[in-house]
Amino acid sequence: MTLDLRADPIQLTAALVDIESVSRDEARIADIVEGALREQTVGFEVLRRGNVVLARTDRGLPTRVILAGHLDTVPIADNVPSRFEVDGAGQQVLHGCGTVDMKSGDAVFLHLAATVAEPVHDLTLIFYDCEEISAEFNGLGRIERELPHWLDGDMAILGEPSGGWIEAGCQGTLRVRLTTAGVRAHSARAWLGDNAIHRLAPVLQRLADYKAREVDIDGCVYREGLSAVRVGGGVAGNVVPDAAEVDVNFRFAPDRSVEQAADHVREVFAGLDLAFEVTDSAAGALPGLTAPAAADLIASVNSHGGGGVRAKYGWTDVSRFAARGIPAVNFGPGDPNLAHKRDEHVPVAQITAVAAMLRGYLTGAV
């Protein structure tokens, strides 16, 4: 199979969706993308590393823009091959696994690589594997470790679904396990024990009373959230438990570091008799919209009728670029709320619109 990178990006999206590429099974799509870039683009150095495909120009231009997108999808749910239909509002939509997350974004990037003859920025393209599973397998993380110079640039755009809005930066995430201790006893003589599950009550009350902070950074409002996401305890139906635990997830604004976020969560539960363990964390990403390259992107999106700028709720790989001091945004077709759903679909007009906005940005035709 070959891809026609000069075809309409709507058709290119459908072609990519029809190549099954569930995480850990991206070899075929990587082969096809690599071959298309080598055969149908001009001025790009193309490199393959595992199932990551890298391409970049070196025209000596003053700025470099990185276009990055993952090739993998979540497991298929009877939603491949792709199909077109007209929805209740009369707009044409494309259904299929990955139409939103994020083969429509990949299609736009591939199409622009083949059709923008005179960009005003040097370009780096990164198509990577294993984004949808554990971070240890993430192909972009592997490139960051093994070929970090490929992540250098003045602006990074990840094709994550954003509905045609610029979703700037991302929240950080922290998971904490709070454990209480008690004394085990027979439940018929409960007074002889100390119920560890009951000791979770003040923890849950503090979570219920928690007031989330809202932070405005570069005009993007990030709303934090502190939530119980798992509760465990008890050994049998006739035993007062001597241990219980609750997992708490803190989604924090990118003006906090991971360490500051952990300190904040400790403060929330200060004074309670419990053990505190950080089980997982990832830093957020500042939006960096004051950088000149970012300002040009905003101007192009606004001039082409885009949605504008808003904060990204959730964590994405923009964090990797922000940690390197590179402004990074999420920008792609599709409603992120439809990602991973059985009826995942994207309005084809959004694919066309995002391609036009990025073409204007890359050619300087703001």
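Predicted model: local features only at pLDDT ≥ 70, side-chain atom pairs only at ≥ 80, totals over all residues.

Reader: What makes the pair arginine 175 and aspartate 280 a salt bridge?

Author: The rule asks for a side-chain nitrogen of Lys or Arg within 4 Å of a carboxyl oxygen of Asp or Glu. Between the side chains of arginine 175 and aspartate 280 the N to O distance is 2.4 Å, so the pair meets the rule. The pair links distant parts of the chain, with arginine 175 in strand S9 (residues 172–181) and aspartate 280 in strand S16 (residues 275–282), 105 residues apart. By this rule the count comes to 26 salt bridges.

Reader: Why is arginine 175 called partly exposed?

Author: Buried means under 20% relative accessible area and exposed means over 50%, with partly exposed in between. Arginine 175 has 32% relative accessibility and therefore counts as partly exposed, and aspartate 280, at 32% relative accessibility, counts as partly exposed too.

Reader: Which salt bridges does arginine 213 form?

Author: Arginine 213 meets glutamate 224 in a salt bridge, at 3.0 Å from N to O. Because arginine 213 lies in the loop between helix H5 (201–209) and strand S11 (214–217), and glutamate 224 in the loop between strand S12 (220–223) and strand S13 (225–233), this pair ties together parts that are 11 residues apart in sequence. Arginine 213 also forms a salt bridge with aspartate 255, where the closest N and O atoms are 2.8 Å apart. Aspartate 255 lies in the loop between strand S15 (243–252) and helix H6 (258–268), so that pair ties together parts 42 residues apart in sequence.

Reader: Which residues have the most contacts inside the largest nonpolar core?

Author: They are Leu3, Val33, Leu37, Ile157 and Leu358, in a core that has 64 residues. Leaving aside its neighbours within four places in sequence, leucine 358 is in contact with Val108, Phe109, Leu112, Ile157, Leu297 and Phe331. A second, separate core has 20 residues, including Leu178, Val246, Val248 and Phe250. As a general matter, nonpolar side chains tend to be buried together in soluble globular proteins.

Notes. Residues numbered from 1 in each chain as written. Heavy atoms only, no water. Helix = DSSP H or I, 4+ residues; strand = E, 2+ residues; numbered from the N terminus. Buried < 20%, exposed > 50% of the residue type's maximum accessible area, 1.4 Å probe, protein only. Core = buried A, V, L, I, M, F, W, Y, C linked by side-chain atoms within 4.5 Å. Contact = heavy atoms within 4.5 Å.
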